[in-house]
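Please look over the sequence and the structure before reading on.

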Amino acid sequence: MTDVVIAAYRRSPFHLAHKGDLARVRPDEMAAQVVRAMVADSGADPEAIEDLVLGCAFPEGEQGLNVARLVSFLAGLPQGAGAVTVNRFCGSSMQSVHQAAGAIRMGAGEAFVCAGVESMTRVPMMGFNPMPHPGLAARYPAAYVNMGETAENVATRHQVSRAEQEAFAVESQRRAAAAREAGRFAAEIVPIDTGKGTVAQDGCIREGTTAEGLAALKPAFRADGTVTAGTSSPLTDGASALLVCSAAHAKARGMTPLARVKSIAVSGCSPEVMGLGPIGASRKALARAGIAARDLDVVELNEAFASQAIACMRELGLDPAKVNIDGGAIALGHPLGATGARIVGKAAALLQREGGRYALATQCIGGGQGIATVLESVA
Amino acid sequence: MSAAGQEGAHPPAIRRAAVIGAGVMGAGIAAQIANAGTPVLLLDIVPGAAARAVQTMLKADPAPFMHRAAAKRVQPGDLDADFAKLAECDWIVEAIVERPDLKRALYGRLEGVRKAGSIVSSNTSTIPLRDLTAGLPDRFAADFLITHFFNPPRYMRLLELVAGPATRPDAVAAIRDFADRALGKTVVECRDTPGFIANRIGTLWLQSAINHAVDLRLTIEEADAVVGRPMGIPKTGVFGLIDLVGLDLMPHVANSLLATLPEGDAYRALHREHGTITGLIAAGRTGRKSGKGGFYTRAKDAEGNSLKRAIDLWTGEDRPSAKPSLESLDLGSRNLRALAEHPDRGGRYARAVLLDTLAYAASLVPEIADDVTAVDAAMRLGYAWKYGPFELIDRLGPGWLAAALRAADRPVPPLLELAGERPFYRTEAGTLQFLGLDGDYHDVVRPEGVLLLADVKRRSKPLARNGSASLWDIGDGVACLEFHTKMNAMDPDILALIGKAVGMGRKGAFRALVIHNEGSHFSAGANLGLALFAANIAAWGEIEGLVEGGQKAYRALREAPFPVVGAPSGMALGGGCEVLLHCDAVQAHAESYIGLVEVGVGLIPGWGGCTTMLRRWSAAPGLPKGPMPPLSKVFEMISTAQVAKSAFEAREMLLLREGDGITMNRDRLLADAKARALALVEGYEAPKPGTLRVAGPTGQAALRLAVDGFAQLGKATPHDVVVCGYLAETLTGGARGDFIDETPEDAILKLERQSFMALVRHPATLARVEHMLETGRPLRN
């Protein structure tokens with residue numbers, strides 16, 4: 001069978017929505033700059049690109065129409081390449097990897113750009129015109145449950161205390177700040193030209209976050225709840241892009257892949273506890289890879305909320321030392337459509353940097369789903 | 001366009017201003033200049049202080065800025081680094097520390113930079129003008145005057161202006177005009193005497209009130225109650241007022257006055273230091289801003305309830321505050337003379353303070369002002385007294401006061417002798433007149449462009465009238481509809497008079513209508529007391545009639561064949577806001593506080609407020625397409641009972657429209673509104689009822705989900721969820737609403753009525769109404 005590899009990974013800096021340095025940058029423009037730089041630096045043959053698969057959770061406004069096609073024009077991809085926008089909410093750009101991997105295995109293309117974008121400044125979460133089905137909303141309100149509420153549900157059902165969540169958030173911030181300080185993000189970040197200057201550094205990380213500081217915050221979603229802004233991922237602007245291709249193509253072009261895609265999975269769960277989605281999806285993906293959690297050397301588990309990340313780590317039996325080595329979304333930010341490609345790319349890059357054989361990238365998805373990707377070292 | 005939106009409101013003389021000194025007063029003056037739409041440089045000797053002052057003001061409550069955009073017009077800077085920028089300014093206000101030497105040194109420096117024809121003024125409250133200009137060149141003296149603002153500069157309407165013998169008359173005219181029209185101040189010209197008018201009299205009044213409270217052994221609550229309402233003084237009285245302005249300010253003001261007042265001034269004899277007060281200042285209890293309280297403090301009891309405590313002036317000990325109970329207070333609130341003649345200590349106190357204060361005021365004319373009107377205006381606007389000293393004398397009777405002074409073996413001021421038994425004010429042939437120093441009465445002349453309803457009422461009879469409203473002819477074929485209920489609350493009589501006025505207008509009784517009154521507030525909304533009464537006796541038909549009557553009356557206004565202009569000042573809430581929403585145009589006083597606040601009492605706007613706001617936001621440019629964005633805006637505004645904190649904010653909320661005008665000076669509001677109405681007469685066509693795109697059940701579901709989130713967070717109470725449900729249903733056009741249809745506005749109006757009727761029967765709504773009537777605060781049930 002054809003091996004699928006992650007050949008390159010880049011992302012924009014991640015910045016807080018509304019007040020961050022990317023608030024005035026259109027999402028299509030931001031995605032295009034990342035795609036253009038990633039393709040140019042990857043060594044791929046642009047003419048071999050079959051498709052641009054772009055994830056976006058709220059594809060409307062400036063990230064509307066078929067934004068992938070517009071990004072392909074902006075990024076200067078060959079006209080002969082296709083472009084598709086995919087939406088699986090937070091799992092959108094991990095889904096783009098899965099689609100590409102499936103196509104490559106089908107022999108339906110050699111090289112794919114798998115990207116993701118979200119400007120949570122310029123297109124609000126829920127979109128400009130949220131129009132829920134009134135009947136479904138009445139009969140099954142969980143279908144539209146608020147994400148913060150799900151984090152509270154997980155905290156309650158899995159008895160994740162506020163102090164545990166805060167300790168987790170402090171550690172995420174510490175790791176991210178240390179990684180930035182050590183320049184470990186430099187290779188992955190594409191500086192974004194905003195028209196008024198260049199943004200080259202992440203903007204969400206809160207260096208020096210303490211447990212005491214977090215303990216002073218008010219609950220963000222439920223009056224008597226345990227989840228605060230400090231233990232949630234922030235609204236973020238950002239974009240990410242991977243080159244996903246056949247091992248043969250990589251070899252032919254002389255590229256050194258970061259990792260091989262070993263297995264993929266999605267699975268559904270109850271929307272009220274959507275944060276537990278990674279458990280089912282990861283179990284499926286690990287089983288398909290024929291390995292167990294203890295075999296993992298690197299894990300990227302998206303931190304939508306500290307409560308769900310902790311619950312998933314517990315249930316899957318993950319070693320905290322191997323999870324989100326350079327910090328997670330609580331510190332770095334979570335531009336919904338861009339996160340999936342970021343954590344797949346990051347897991348692949350970490351596998352290369354840290355050594356080891358297997359990596360897992362997984363995330364929860366609003367509406368009650370999980371998505372997971374197992375990577376294997378090519379070293 | 002000027003920020004005030006008032007054609008030609010700004011004389012071209014002041015295009016750019018500067019304020020030097022970014023203390024509370026300087027920064028506040030700069031903010032008000034910016035509110036008026038004029039760019040202003042704010043400089044301070046301490047680097048960074050001006051920028052910090054702007055930041056502080058952005059967070060202050062009450063807000064010095066009327067709108068965020070105003071803050072951008074203030075350019076902060078450092079005095080030394082940015083001194084050269086003063087060359088661009090037409091008016092430079094100095095508001096630095098009260099030291100003549102430092103002020104003169106600054107003026108000397110200004111001479112090197114400021115442009116020819118620019119004007120310099122000082123905000124000094126104590127230093128005579130002659131001391132400030134001593135030793136400075138003639139050019140400076142010609143361009144210099146004193147402009148004394150009151151704190152806070154946005155809200156206090158008085159500006160005392162002192163010109164020197166050398167001041168150019170055109171410089172005085174330019175500042176007077178700018179202060180009046182652009183800054184909205186009433187300018188009172190004062191003589192160059194210590195403390196000018198308001199603080200001169202106010203300081204003696206405070207000292208007298210403290211002395212007599214101590215001597216007559218009144219509690220501070222009693223003193224404040226006697227001095228407050230019966231005398232038409234804000235209920236803070238004396239001790240509450242000092243807590244507000246700061247105890248530490250008192251010795252400062254006293255010393256500066258003692259240094260400059262003439263020998264034999266009555267204040268010198270009254271001045272006294274009180275051990276309790278010096279003790280409070282020494283302990284840092286300098287009033288509300290100190291955080292430790294002053295005469296009054298707040299403490300928590302064992303259950304965490306906030307308890308008011310008051311100091312005993314004799315012992316200096318705090319004790320629980322007690323509501324005063326004095327026989328004199330019961331009868332005195334209406335009849336000032338009866339209060340002052342009452343033998344109990346409240347009566348004796350009132351008499352003592354009134355004698356001191358009013359005799360002093362009478363003795364100071366013409367020393368401090370040309371005539372009594374200036375003194376009365378200064379005390380009304382600078383100290384928020386309802387009546388100036390001479391108006392108080394008229395309430396007591398000038399003869400009574402003279403006799404009381406003689407009985408106390410005190411001199412009777414010549415002006416009081418001159419008056420004899422005659423009042424200081426009278427109405428002659430419909431015109432208000434005051435008693436001049438020549439012993440004759442003279443007309444009170446209003447400045448050009450000032451039209452007061454009070455003057456109209458003095459000289460004419462209403463075109464129509466009932467117990468709640470009147471219709472007046474304000475000239476040029478324009479009628480003015482005046483509300484005069486308590487808080488100008490809307491009631492069936494007002495609605496009836498609206499109907500009648502529209503009928504008269506249809507028959508040609510007038511060409512245009514202005515809705516305006518001179519109460520503190522345009523209208524606090526529908527009369528809740530009536531509604532509660534009707535609900536308590538289950539008179540649902542009456543209530544429904546009221547809702548329907550209101551819709552009909554407001555619609556009649558909108559569809560009348562003549563232009564209708566609303567002219568609010570102060571609060572215009574609920575039904576008072578909705579009447580404005582149905583006007584063809586609004587000319588609002590800048591200090592208008594407009595909002596749809598029905599949710600606070602468990603109701604939704606029922607007189608077209610929902611429909612009109614949805615129509616306005618649906619047509620608003622700049623919103624994303626689709627049915628949800630305008631709906632969300634309107635829903636958020638009404639469900640959180642947002643109130644605009646100025647007319648400028650109201651414009652942003654679309655409670656006012658782009659073409660609506662804003663008048664800075666309240667005295668000019670009616671004339672501006674009348675001019676706006678007349679401008680609409682030619683070719684006027686009434687708007688026709690329209691249609692709306694509503695979101696339907698899907699929008700309702702989206703709003704309910706959002707409300708559930710707020711409920712989870714504890715930000716929406718259980719009854720909020722109920723009320724918001726009805727609001728969502730109304731704004732989305734009910735079960736049959738669909739965004740592909742054009743829904744007639746009438747259909748939304750009907751939903752407003754149905755939702756209102758459903759809510760008004762809800763026990764939780766009635767509990768809210770009852771609580772509001774009893775406490776003046778919303779019940780969060």
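How many residues does the contact take from chain B, and how many from chain A? In this predicted model, chain B gives 16 residues and chain A gives 14 residues.

**The side of chain B that touches chain A**
- Two helices of chain B, α27 (628-639) and α30 (697-712), each supply at least two residues of the side that touches chain A.
- The largest share of this side, nine residues, comes from α30(B).
- Sorted by class, the side of chain B that touches chain A has nine nonpolar residues, seven polar residues and no charged residues.

**Helix α30(B)**
- The 16 residues of α30(B) should span 22 Å at 1.5 Å a residue, and the end C-alpha atoms are 22 Å apart, so the two values agree.
- Buried residues of α30(B) include P697(B), T698(B), G699(B) and Q700(B). A701(B), A702(B), L703(B), R704(B), A706(B) and V707(B) are also buried.
- The buried residues of α30(B) pack against α4 (134-139) of chain A, and also against α27 and α31 (718-731) of chain B.
- Just after α30(B), G714(B) has a positive phi of about 80°.

**Domains of chain B**
- Chain B is divided into domain 1 (17-189), domain 2 (198-428), domain 3 (453-597 + 643-685) and domain 4 (603-640 + 688-781).
- Between domain 1 of chain B and domain 4 of chain B, the C-alpha centres lie 46 Å apart.

Definitions and conventions:
Residues numbered from 1 in each chain as written. Chains lettered and ligands numbered in written order. Predicted model: local features only at pLDDT ≥ 70, side-chain atom pairs only at ≥ 80, totals over all residues. Contact = placed C-beta atoms within 7 Å. Helix = DSSP H or I, 4+ residues; strand = E, 2+ residues; numbered from the N terminus. Nonpolar A, V, L, I, M, F, W, Y, C, P; charged D, E, K, R; others polar. Domains from an automatic or database assignment. Expected span 1.5 Å × (residues − 1). Buried ≥ 20, exposed ≤ 12 C-beta atoms within 10 Å, placed from the backbone.
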